[in-house]
Protein chains: 2
Amino acid sequence: MGITKTADYTDHQNRIAVLAKALGHPARVAIVEYLLEADRCICGDLVGRLPLAQPTVSQHLRELKTAGLIQGTVEGTSICYCINPAVLQELSSFLGQVRSGCQCGC
Amino acid sequence: MGITKTADYTDHQNRIAVLAKALGHPARVAIVEYLLEADRCICGDLVGRLPLAQPTVSQHLRELKTAGLIQGTVEGTSICYCINPAVLQELSSFLGQVRSGCQCGC
DNA sequence: TCTTTATATCGTAATATTGCAATATTACAA
DNA sequence: TTGTAATATTGCAATATTACGATATAAAGA
């Protein structure tokens, strides 16, 4: 089917899944890594650095933005993107919780 | 196209993407959450708890296992699954790195 | 105004994912 | 050996994702 039955899960489960999915592509990992180095970027900075055409880069930026992982502010002709630490924290704290609370029972 | 050009990214970027993608579905988040509570589970524990048929649950378990997030050991007719903390750590430390090193530049 | 620059959106092809019914496999018990 | 219980695999339909060329939009400069 290809359709996820989101209505049958908790908001939290859906939220974590959305955030994780946003990082579930190497290009988007690369974008986040670049932002970690550069603190900010415009789409054009990534085109040329990534093995993707401009529309594809733009599309990946939009997905990161839709998930909330990055935010963009208009600056003339450009849009300045940067990481949203608060949203990153959501995913990070979920993983921390699992990691600290888990215990292999097999 | 639907095909990701993995060859054009670093091993680390691909690795993080694979782990994140494995968590990129609410059913798989729910499985990890259940494992956090129960420490272990067999497929049958999840069927009935999740709004999915047995083959679909099995498929999600396989994806988590392929990524390395969980491991399964055979126990007679059942397979006992549990979280793999070391692999979880990989993703967790990536996020920690990003979170601690990032600074909004816009 | 016309052009250039920067980015987004549209349309589309190729491929991947999701979900399930049907079936196969495997281990164990009677 | 036959049956049963627990999972996995197969095959398929519906939908989502990925990627890019073509085009649209919007700001700024000549």
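Visitor: What makes the copies meet through the same surface?

Guide: Welcome! First, this is a predicted model, in which local features need pLDDT of at least 70 and side-chain atom pairs count only at pLDDT 80 or more, while totals for chains, interfaces and linings use all residues. Residues are numbered from 1 along each chain as its sequence is written, and chains are lettered from A and ligands numbered from 1 in the order in which they are written. Now to the copies: 100% of the interface residues of chain B are also interface residues in chain A, so the two meet through the same surface.

Visitor: How many residues does the contact take from chain B and from chain A?

Guide: It takes 42 residues from chain B and 42 residues from chain A. Two residues are in contact if their C-beta atoms, placed from the backbone, lie within 7 Å. On the side of chain B that touches chain A, H5(B) supplies the largest share, 10 residues. That side has 23 nonpolar, 13 polar and six charged residues. Here Ala, Val, Leu, Ile, Met, Phe, Trp, Tyr, Cys and Pro count as nonpolar, Asp, Glu, Lys and Arg as charged, and the others, Gly among them, as polar.

Visitor: Why is the relation of chain B to chain A called a two-fold axis?

Guide: A rotation of 180 degrees with 0.0 Å of shift along its axis superposes chain B on chain A, with an RMSD of 0.0 Å. That is the relation of a two-fold axis.

Visitor: What makes H1(A) roughly antiparallel to H4(A)?

Guide: Their axes come within 9 Å and cross at roughly 155 degrees. Angles over 145 degrees count as roughly antiparallel, under 35 as roughly parallel, 65 to 115 as roughly perpendicular and the rest as oblique, so H1(A) is roughly antiparallel to H4(A). The axes are lines fitted to C-alpha atoms, for helices over the stretch in contact, and angles run from 0 to 180 degrees between N-to-C directions. The helices themselves are DSSP runs (H or I, at least four residues), as strands are (E, at least two), numbered from the N terminus.

Visitor: Which residues meet in H1(A) and H4(A)?

Guide: A:Val18, A:Leu19 and A:Ala22 in H1(A) meet A:Glu63, A:Leu64 and A:Ala67 in H4(A). By class, this contact has five nonpolar, no polar and one charged residues.

Visitor: How do you know that H1(A) and H2(B) are roughly perpendicular?

Guide: H1(A) and H2(B) pack at an angle of about 115 degrees, with their axes 8 Å apart. They are therefore roughly perpendicular to each other. A:Gln13, A:Asn14, A:Ile16 and A:Ala17 in H1(A) meet B:Pro26, B:Val29 and B:Ala30 in H2(B).

Visitor: Which residues come nearest to DNA strand D?

Guide: A:Gly2, B:Gly2, B:Ile42, B:Gly44 and B:Pro55 come nearest, of the 30 residues around DNA strand D. A residue is near a strand or molecule if its C-beta atom, placed from the backbone, lies within 6 Å of it. H4(B) gives the most to this surface, with six residues.

Visitor: And which come nearest to DNA strand C?

Guide: Of the 29 residues around DNA strand C, A:Gly2, A:Ile42, A:Gly44, A:Pro55 and B:Gly2 come nearest. H4(A) gives the most to the surface near DNA strand C, with six residues.

How values were computed
Copies are superposed by least squares on the C-alpha atoms of residues with pLDDT of at least 70 in both.
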